[in-house]
There are 2 protein chains.
Amino acid sequence: VRNQSSIVKGVTFAERLHALCAERRSHVCVGLDPLPERLPAKVRGADDPVFAFNRAIVDATIDLVAVYKPNLAFYEALGLEGWTSLKRTVEYIGGRAIVLADAKRGDIESTQVAYARAMFEVFGFDACTISAYVGYDAVGPFLSYPGKGVFVLCRTSNRSGDELQNVNVDGRPLYEHVARLVDSWGCGLVVGATYPSELAAVREIARSAPILIPGVGAQGGDVEASARNAAGGPFVMNSSRGIIYASSGDDFAEAARRATLQLRDEIASVAALAG
Amino acid sequence: VRNQSSIVKGVTFAERLHALCAERRSHVCVGLDPLPERLPAKVRGADDPVFAFNRAIVDATIDLVAVYKPNLAFYEALGLEGWTSLKRTVEYIGGRAIVLADAKRGDIESTQVAYARAMFEVFGFDACTISAYVGYDAVGPFLSYPGKGVFVLCRTSNRSGDELQNVNVDGRPLYEHVARLVDSWGCGLVVGATYPSELAAVREIARSAPILIPGVGAQGGDVEASARNAAGGPFVMNSSRGIIYASSGDDFAEAARRATLQLRDEIASVAALAG
């Protein structure tokens with residue numbers, strides 16, 4: 001019901017993402033990862049400081065942003081209050097952008113049925129990140145929701161990702177095998193901006209799959225190379241700390257807007273951008 | 001604080017698990033995976049039906065059980081009420097058995113710090129299942145809690161697990177590479193009872209690592225072969241639906257006790273059992 005009144009149009013998730021990025025002229029994803037100790041003084045006195053913080057960030061950035069991505073760990077760490085803040089945040093965005101649950105859920109089918117219900121029915125997210133070590137079972141239940149999206153971990157932004165993702169599978173790195181599998185399932189992929197050449201290899205394999213690119217900002221990923229290498233298919237690039245903590249002062253929302261604009265324009269400046 | 005008054009003794013998690021299995025003469029793990037539509041009529045009228053159900057199962061089985069394993073998906077699917085039921089369940093067990101969060105969390109380090117806080121500080125779990133596609137970063141923050149345990153997905157109980165776990169890495173299946181890595185990190189492993197020969201290969205690699213063996217009961221895993229192949233190191237074998245839904249009637253708790261006894265004795269009957 002929420003999606004019917006949503007500004008996000010399209011039948012498949014990939015179409016919805018593509019249309020929204022085109023309309024906003026933006027490939028920016030803002031990570032909403034609240035840490036109580038980093039919340040600015042201005043919101044600390046609110047009844048629900050985390051929600052007040054998220055609302056201020058959303059208000060300051062919504063016209064520049066295609067996707068908001070709350071990382072569920074940061075809400076879970078706050079206990080029941082965290083889940084309440086998260087639910088209020090998803091409702092507040094209310095279809096004005098895609099809301100992606102960064103949850104990395106991944107278990108056998110009967111469990112994924114319950115996780116999909118949690119993400120799409122209880123919280124009303126538009127999409128979810130998935131870890132597919134268990135294979136197709138991880139995504140099947142999520143794909144039964146029309147218009148909803150799935151991004152599967154492929155090449156993560158961290159260094160120790162090498163330990164599994166770069167093992168040699170019949171002469172090629174494991175993440176390429178994962179990219180092929182996930183593309184055959186019709187799902188999106190997660191590839192870190194910290195590895196732009198791997199991103200190019202993944203785009204070669206999965207030509208029209210949506211790609212979520214984390215790792216810019218605090219993690220130091222390469223925005224221009226990543227945008228260039230992901231273009232040709234739908235993608236969004238995520239910054240969390242680099243945007244929401246751009247200032248620790250009471251001007252945090254304005255600073256977040258400036259950082260969002262900068263990231264949006266940096267991506268747009270890539271000449272080869274076809275997405 | 002809770003652990004100091006706990007009956008679960010030992011310095012490392014592996015020692016605590018071993019001591020508890022020895023004291024209870026049981027390697028049984030009971031999966032607490034509540035589905036509202038399967039709750040018996042007897043508990044449906046309770047203020048908190050899920051907690052009432054879990055409490056009845058715990059009361060009927062605690063002397064036969066080393067580990068209780070709530071799968072977080074089933075609580076998450078119930079929204080805020082689910083998280084409340086979960087917290088009450090962990091508190092109710094209150095150190096009388098090991099409580100393992102079946103959460104399969106797995107993300108980069110800064111996120112895992114938040115998940116570890118959620119699991120060990122907010123909810124008070126003794127251990128957590130982890131998906132380590134991102135490498136060591138997935139476990140590092142969890143290992144900084146002394147006495148707490150981590151079980152990393154190695155060979156899952158489902159068929160589509162093959163798609164990643166059995167790819168050929170330099171002549172050996174990926175799950176063996178994962179077993180080696182995880183053993184070097186000092187963590188436990190998850191290996192399904194549906195693949196007893198793979199379990200033997202993992203025990204060969206990780207001789208003293210705790211192993212969580214799901215997939216018996218509803219999933220049809222081989223209890224005797226799995227117990228035989230895991231023995232030699234600490235292990236527990238999990239049944240969820242086979243125990244908690246052994247009866248759909250008002251005798252569900254008694255039926256759960258009978259199913260637990262049967263699984264405990266079936267494991268104990270394995271002559272070669274050294275664990």
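With a disulfide taken as a pair of cysteine sulfur atoms within 2.5 Å, the count over all chains comes to zero. C21(A), for instance, is in no disulfide, and the nearest cysteine sulfur, that of C29(A), is 9.6 Å away. C21(A) has a relative accessibility of 5% and therefore counts as buried, where buried means under 20% relative accessible area, exposed over 50% and partly exposed in between, with a 1.4 Å probe and protein chains only. For C128(A) the closest cysteine sulfur is in C187(A), at 11 Å, which is too far for a bond; C128(A) is buried as well, with a relative accessible area of 0%.

This is a predicted model, in which local features need pLDDT of at least 70 and side-chain atom pairs count only at pLDDT 80 or more, whereas totals for chains, interfaces and linings use all residues. Residues are numbered from 1 along each chain as its sequence is written, chains are lettered from A and ligands numbered from 1 in the order in which they are written, and side-chain values use heavy atoms, with hydrogens and water left out.

Turning to the interface, 54 residues of chain B are in contact (heavy atoms within 4.5 Å) with 54 residues of chain A. The area buried between the two chains, that is, the accessible area (1.4 Å probe) lost on putting them together, summed over both, is about 4600 Å², and carbon and sulfur atoms give 58% of this area. E76(B), Y133(B) and L164(B) supply 17% of the area that chain B buries against chain A, more than any other three residues. E76(B) also meets R105(A) in a salt bridge between their side chains, at 3.1 Å from N to O; the term stands for a side-chain nitrogen of Lys or Arg within 4 Å of a carboxyl oxygen of Asp or Glu, and the count between chain B and chain A is four.

Within chain A, T129(A) lies in strand β4 (residues 127-130), strands being DSSP runs (E) of at least two residues, numbered from the N terminus. T129(A) counts as buried because its relative accessibility is 0%. A polar atom of the T129(A) side chain lies 2.9 Å from the backbone nitrogen of A103(A). Leaving aside residues up to four places away in sequence, T129(A) touches several others, among them A103(A), F151(A), V190(A) and L212(A). R105(A), the salt-bridge partner of E76(B), is also one of the residues that T129(A) touches.

How values were computed. Helix = DSSP H or I, 4+ residues; strand = E, 2+ residues; numbered from the N terminus. Polar contact = N/O pair within 3.5 Å; in protein donor to acceptor, adjacent residues only side chain to side chain.
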